Amino acid sequence: MNIIYNIMLIYGLTFAIGLAVSGIIWLLYTTMTAKDSIKITHRESYSEMKRLKRKNVKPVQ
Amino acid sequence: MEILYKLFQGFSTLALSDPLISFTRVGLIFLGLLLVYLGKKGILEPLLMIPMGLGMATINASIMFMPDGTQGNIFVDPMVTDVNQLINILQIDWLQPIYTYMFSNGLIACFIFMGIGGMIDISYILVRPFSSMTLALFAELGTFATIPVAMAMGLNLNESASIAMVGGADGPMVLYTSLMLAKDLFVPITVVAYLYLGLTYGGYPYLIRLLVPKKLRGIQVTYSKPPKPISQSMKLAAAVILCVVLCFLFPVASPLFFSLFIGIAIRESGLTHILEFIEGPLLYGSTFLLGILLGILCEAHLLLNPKILTLLVLGIIALLFSGIGGILGGYVMFFIKKGNFNPAIGCAGVSCVPSTAKVVQKEVSKINPNAIVLQEALGANIMGVITTAIIAGLFITLIPLFK
């Protein structure tokens, strides 16, 4: 009976470690692909270009 | 007559042995020939079964009288423990160097793991780690359920844990664990494991047909949005970090983790010439030598262990429970994903890369030729390898403490 309890304990531990490893993998994947979400969209890049153009325009003497 | 006995020693040893040994030798010769036939027909894995079968037949035919009058062979002596005796045998038995320097220290298992690492793509486990891991964890049911059964059948705890590892369906892992926990039985356990792993390919389709109704077997898994693309650098970084984390957790299984992840790292770092070596000559060469050694180790005197029948029964129980557990995991995912999951994929959680994944795809395609589940099945397959290595680490560390 004690052995069955110990075996179930190891199986439980395997589940815990397995899910923790999955958590690490998920965290790695989320972190590594996160830069995609801050990519500048076309509209944003167009307005950014206009802003830079305005900034670089030399004042008319 | 005595000259004839000395001349044809294979026959004379057969005639002069204990009848049980003689019958076992003849039986093993025929079993070896059958394995070669089944390997050639493609029913069992030919790369392993042809050298193993021929080795088994040859070794049982090649028993001779040794200078001290005992019966033996000039292939290998796995039972030698004395260092001086080992040095002598290394110079006589032609396979002894491979056995001593590659097999009994687990090197061959690590080489095979490197080759497996070189073949697998970890994209899917990076995208959907939880579903792959859930399937793999359920598919380890046999590894745990077999231990109490083995103990009830008279094995001690270490031996029970070693034979139960067959449930993980990972040959190198069974070899490594039994080497660590039950050195006396590691030859028959490894032989039983590899024999059954060849049968998995033939047995699991029936289990899938029995436990998964046709309606569910044809389900194509769909996703609302496509996964973000993963570059090779990302996969390399993930493999390196995972390897270090897992080795930190289980130093006892670190040779296996390292071997698996170095294979993945080489694949993802674009070292094609090294990759060609590890997934070609290294993997196939190691599997070929393993097949020869396993066959040669099936000598009647060695295999005639009273526990062998118990091991044969337990091996089947372990693989059967693991298959059932995997499909149970498939049903769990089916309910979690509200019907958008094919329960048959669970069977691929039993590692045996990539055989079980191919079995699942084949069975699904028979019902729905348009359904592609190979990605999901390979994800569960790869996680199965990682889970089995985790369990090997847990068993090697914890089982000796429970005595």
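**Helix 10 against helix 19, chain B**

I began with the place where two helices of chain B meet: Leu141(B), Gly142(B), Thr143(B), Ala145(B), Thr146(B), Val149(B) and Ala150(B) of helix 10 touch Leu314(B), Ile317(B), Ala318(B), Leu319(B), Leu320(B), Phe321(B), Ser322(B), Ile324(B) and Gly325(B) of helix 19. I sorted the residues of this contact by class and got eleven nonpolar, five polar and no charged. A reminder to myself: this is a predicted model.

Next I looked up the geometry of the pair. The angle between helix 10 and helix 19 of chain B is about 140 degrees, and their axes are 7 Å apart. I noted the crossing of these two helices as right-handed.

**Helix 10 on its own**

I then checked the span of helix 10 of chain B, residues 141–152. Its twelve residues reach 18 Å from the first C-alpha to the last, close to the 16 Å expected at 1.5 Å a residue. Just past the end of helix 10, I found Gly154(B) with a positive phi of about 105 degrees.

Which residues of helix 10 of chain B are buried? My list reads Leu141(B), Gly142(B), Thr143(B), Phe144(B), Ala145(B), Thr146(B), Ile147(B) and Ala150(B). I also asked what covers the buried residues of helix 10 of chain B. The cover includes helix 1 (2–33) of chain A, along with helix 9 (129–138), helix 11 (157–164), helix 19 (308–336) and helix 21 of chain B.

**Where the chains meet**

With chain A in that cover, I turned to the contact between the chains. Chain A gives 22 residues to the contact and chain B gives 27 residues.

**Helix 12 against helix 21, chain B**

Helix 12 (residues 171–181) and helix 21 of chain B pack at an angle of about 5 degrees, their axes 10 Å apart. Because of that angle, I wrote helix 12 down as roughly parallel to helix 21 of chain B. Met173(B), Tyr176(B), Thr177(B), Met180(B) and Leu181(B) of helix 12 meet Thr388(B), Ala389(B), Ala392(B), Phe395(B) and Ile396(B) of helix 21. This contact has eight nonpolar, two polar and no charged residues.

**Phe402(B)**

My last stop was Phe402(B), in the segment after helix 21 (374–398) of chain B. Setting aside neighbours within four places in sequence, I found Phe402(B) in contact with Asn6(A) and Leu157(B).

Terms used: Residues are numbered from 1 along each chain as its sequence is written. Chains are lettered from A and ligands numbered from 1 in the order in which they are written. This is a predicted model: local features need pLDDT of at least 70, side-chain atom pairs count only at pLDDT 80 or more; totals for chains, interfaces and linings use all residues. Two residues are in contact if their C-beta atoms, placed from the backbone, lie within 7 Å. Helices (H or I, at least four residues) and strands (E, at least two) are DSSP runs, numbered from the N terminus. The expected span of a helix is 1.5 Å times one less than its number of residues. A residue is buried if 20 or more other C-beta atoms lie within 10 Å of its own, exposed if 12 or fewer, and partly exposed in between; C-beta atoms are placed from the backbone. Axes are lines fitted to C-alpha atoms, for helices over the stretch in contact, and angles run from 0 to 180 degrees between N-to-C directions. A crossing is left-handed if the near helix is turned anticlockwise from the far one by less than a right angle, and right-handed if clockwise. Ala, Val, Leu, Ile, Met, Phe, Trp, Tyr, Cys and Pro count as nonpolar, Asp, Glu, Lys and Arg as charged, and the others, Gly among them, as polar. Angles under 35 degrees count as roughly parallel, over 145 as roughly antiparallel, 65 to 115 as roughly perpendicular and the rest as oblique.
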